Amino acid sequence: MNIIVKPYGSSSCYCRPDTTWERENKDLYVPECVSRLYWTPILFARICKAGKCVGGKFASRYYDAFNYGALLYCHTDESSDMASSSCYDHTSLLPAPLYNPVVMENADNIYEVRKKEEILFRTPDSGVAGKEMIEAAICLASQKTSLRIGDFIAVELAPQSLLADRNEENVELNARFCENSLYDIKLIF
């Protein structure tokens, strides 16, 4: 199972290992070598059909469910490159349950992320735009790698930004969508 990521503002994709998938809403104990934690909100979808070089008019057939989540990037004092910062265990917050793609079209469904009480991110009314982002990412990713049933395709919704550093204690990160809690975790340094 791959987590295929389309970075914000990029025309390329990369894969995160499946060990980065946090699905149980557990707190993250940040390794001692990590000095800063960056994050970005994502829209992700589950691939339901294997494919390669998927055309735009067929992309909607390749996913059956979606949700919002977040990707965490661990930076050390020595390294902050994409490859090393995106492979730490439990740093891909891809919560369940997943929603039917039709739910994406309702502008009343807002994805909101908070750090303690501060709003870090809130989706605009973008249902149709969300479907277009997922389907464009499926087309782009399938040009470079084979999509397999059970893979996830994730689209970053904002540039990476600093979430916490080693000087902060027990950062709380929580998110809601469709009046439901998606994740509610502590980042423990």
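**Aromatic contacts, strand pairing and cysteines**

Phe66, Tyr68, Tyr99, Tyr111, Phe121 and Phe177 form one aromatic cluster. The model is predicted, so local features need pLDDT of at least 70 and side-chain atom pairs pLDDT 80 or more, while totals for chains, interfaces and linings use all residues. Residues are numbered from 1 along each chain as its sequence is written, and side-chain values use heavy atoms, without hydrogens and water.

Tryptophan 21 and phenylalanine 152 form an edge-to-face pair, at 5.1 Å centre to centre and 65 degrees between the planes. This pair links distant parts of the chain, 131 residues apart. Tryptophan 21 belongs to strand β3 (residues 21-22) and phenylalanine 152 to strand β10 (residues 152-156). Strands (E, at least two residues) are DSSP runs, numbered from the N terminus. Both tryptophan 21 and phenylalanine 152 are buried. Buried means under 20% relative accessible area, exposed over 50%, and partly exposed in between (1.4 Å probe, protein chains only).

The ring centres of tyrosine 99 and phenylalanine 177 are 5.2 Å apart, with planes at 80 degrees, so this pair is edge-to-face. Tyrosine 99 lies in the loop between β7 (92-93) and β8 (112-115), and phenylalanine 177 in strand β12 (residues 171-177). Tyrosine 99 and phenylalanine 177 are buried.

Charges also sit over rings (NZ of Lys or CZ of Arg within 6 Å of the ring centre and within 35 degrees of the ring normal). Arginine 23 lies over the face of tryptophan 21, at 3.9 Å from the ring centre. The charged end of lysine 49 is over the ring of tyrosine 62, 5.1 Å from its centre.

Strands were paired if DSSP found at least two bridges between them. Strand β8 runs antiparallel to β9 (residues 118-122), joined by four bridges. Here valine 113 stands opposite phenylalanine 121. The hairpin of β8 and β9 has two residues between the strands, and in it lysine 116 takes a positive phi near 55 degrees. Four bridges also join β8 to β12, again antiparallel. Lysine 115 stands opposite leucine 173 in β12.

Zero disulfides were counted, a disulfide being a pair of cysteine sulfur atoms within 2.5 Å. The sulfur of cysteine 33 has its closest cysteine sulfur in cysteine 74, at 7.8 Å, too far for a bond. Cysteine 33 is partly exposed, with a relative accessible area of 45%.

Technical notes. Phe/Tyr/Trp six-rings, centres within 6.5 Å; stacked < 30°, edge-to-face > 60°.
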